Amino acid sequence: DAQKLRSESLPANFVSEDVPDSDEDGKSDYDDESDITTQNDTKADAERLDMQKSNSLHDILDDWTEPINKMKKTMNATAISDILRFRRALTFMDDAEPFGEQFGPASNRKQLIHSAQEVYQRLLKLTPEQENISCEFYDMLSLEDDGEINLGKQKALRKLFRPDAQDELSLSAFVLSCDAIYKKLRYFRANVGNASVIDHALESIVDGAFSFVLVLVVLSVMKFNPWPLLLSTSTLLVSVSFAVGSSASKWFEGMLLVAARRPFDIGDRIYMTEPSLVMSDGLWNCWFVEDINLFHTTIRYAGTNEVATLNNGSISNLRIVNGARSPNAVVWFQFPYRANLMDYSDEGGADDDETRMRNIDKIKAELEKYAKENPREWHSFGYFRVDEVHPDLEKLVVTIGLQHRCSWQDLVPILEAKAKIMCWLMEYSRKLNVIYDELPQRDILYYGGALKNGGVSQHRFQLHNPSNIITEPLPTSTMLPVKQNSAPPSPPSPVMSLRNNQAPAAPESPNTMFLAQVMQTHHQQLSQS
């Protein structure tokens with residue numbers, strides 16, 4: 001493959017079998033070893049080119065997640081050994097040291113923070129010359145007994161302890177990662193206990209129905225006909241069914257919601273809305289699930305800590321969005337920009353468009369760089385597109401989207417990261433002078449100055465720029481004489497009126513001669529407007 005690649009890169013009239021040509025004196029052209037290209041070098045160059053091509057193609061394609069293939073799931077019944085192993089794992093969760101003896105006690109959050117700090121200090125001894133620990137301990141923890149690295153464990157550790165752009169992990173990041181897994185552990189243990197309570201309630205209902213059917217069968221076997229007794233009470237049952245029919249229907253729907261659908265667990269951040277609504281308030285008006293049973297659910301409002309109880313049947317027909325089951329939140333916001341967003345930036349040569357970038361492309365590149373420099377917050381940069389164009393206002397409304405590392409369950413870190421990147425984007429856009437502000441009116445009065453060439457040539461937002469206004473004193477010949485024994489006139493000031501960026505006509509005034517002289521003085525400056 002290397003020889004083939006090399007032969008394709010040579011000219012068509014060049015024929016060689018890897019035999020160097022010799023001069024008349026017998027000296028070969030390849031005697032200089034520094035100019036020799038081996039097959040290994042050619043293969044390395046080919047691999048480097050393939051890697052660059054794959055990276056460029058990956059940037060063009062959008063992110064995509066493989067769908068779940070349900071055929072891969074085994075249909076076999078759960079073995080007894082798996083049940084025993086699961087029950088043994090639950091006993092470890094209730095232990096005072098759920099993460100092992102080497103980590104230390106972590107029965108509560110305070111002990112967890114203290115143990116995490118001690119572990120961090122021990123890991124820091126591996127690299128005492130650095131302030132933060134290096135991520136080389138991933139390889140150390142993922143080593144198997146045979147000396148090979150478990151790639152699955154290494155990937156899981158990197159996902160849990162997400163390093164920064166320098167591939168390092170600070171103390172705060174390490175403690176936050178430990179706290180996140182601790183909260184998942186506690187919520188999982190609480191959900192297992194709550195599921196056991198719900199299963200016990202369902203078991204009681206099924207046992208009651210089974211006992212009733214068993215009694216009917218036993219009576220039939222004993223030659224006792226129970227149907228006349230049931231028919232005698234049918235009239236009463238029909239009247240009762242009309243009274244409690246709707247309540248029984250809601251009760252059954254709520255029971256199916258918890259037993260079959262299970263749209264949320266204890267500790268999940270949820271919000272509920274009508275299914276027909278296209279737009280919703282999102283997770284800003286959300287609730288935390290406190291308790292679940294077959295009949296009602298206890299929730300707590302995230303904004304005010306108010307606790308409410310809902311009937312399961314009343315929420316069975318609502319659209320329930322679960323923040324804990326919505327990973328990698330996509331955050332988007334809009335920014336108004338000027339029309340010069342599509343112009344070329346000032347970097348590069350004046351006429352060299354190849355080395356210059358448009359402002360929109362430059363902002364895209366900087367946003368992608370910002371996301372890569374903050375890997376603990378942002379997963380990837382999404383899009384930067386123009387959604388609205390207002391030609392009369394010289395305004396472009398741009399929508400920016402990024403994908404966060406956290407799920408919507410952790411709403412506060414997402415909002416903080418969103419605020420940081422919005423402030424950063426505003427400052428960077430201000431440096432490029434592309435932030436939109438309201439345009440000046442087309443009917444403007446200028447006092448003490450005149451516009452260069454009578455107006456502006458490109459964008460109307462430049463109309464108020466000081467560099468666009470000439471503030472030079474008027475010639476003394478334009479001053480009017482002051483008569484004796486009379487009040488002096490008001491100080492003269494050159495006044496211009498612009499309407500639609502065109503040269504204005506002289507306004508009517510008692511001092512007509514003075515205004516005529518002023519307009520004659522600036523006639524050349526206004527003639528090009």
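Analyst: A crossing is left-handed if the near helix is turned anticlockwise from the far one by less than a right angle, and right-handed if clockwise. The model is predicted: local features need pLDDT of at least 70, side-chain atom pairs count only at pLDDT 80 or more, and totals for chains, interfaces and linings use all residues. Residues are numbered from 1 along each chain as its sequence is written, and side-chain values use heavy atoms, without hydrogens or water.

User: At what angle do the axes of H3 and H7 cross?

Analyst: Helices (H or I, at least four residues) and strands (E, at least two) are DSSP runs numbered from the N terminus. H3 covers residues 80-93 and H7 residues 171-221; their axes (lines fitted to C-alpha atoms over the stretch in contact) come within 11 Å. The angle, on a 0 to 180 degree scale between N-to-C directions, is roughly 125°.

User: Why is H3 called oblique to H7?

Analyst: Under 35 degrees is roughly parallel, over 145 roughly antiparallel, and 65 to 115 roughly perpendicular; the rest is oblique. The crossing angle of H3 and H7 is roughly 125°, which makes the pair oblique. H3 passes H7 in a crossing that is left-handed.

User: Which residues in H7 does H3 meet?

Analyst: Contact means heavy atoms within 4.5 Å. From H3 come Phe86, Leu90 and Met93. Their partners in H7 are Leu185, Arg186, Phe188, Arg189 and Val192.

User: Which strands are the edge strands of the five-strand sheet?

Analyst: Two strands pair if DSSP finds at least two bridges between them. The open sheet runs S6-S5-S4-S3-S7, with antiparallel pairing. S5 (residues 296-301) is joined to S6 by five bridges, and His296 has Asn311 as its bridge partner. The strands that pair on one side only are S6 (307-311) and S7 (319-322).

User: What is the mean pLDDT of the protein chain?

Analyst: pLDDT is the predictor's confidence in each residue, from 0 to 100. In this chain, 66% of residues reach 70 or more. Residues 4-37 stay under 50, with 16 contacts beyond four places in sequence. The chain mean is 76.
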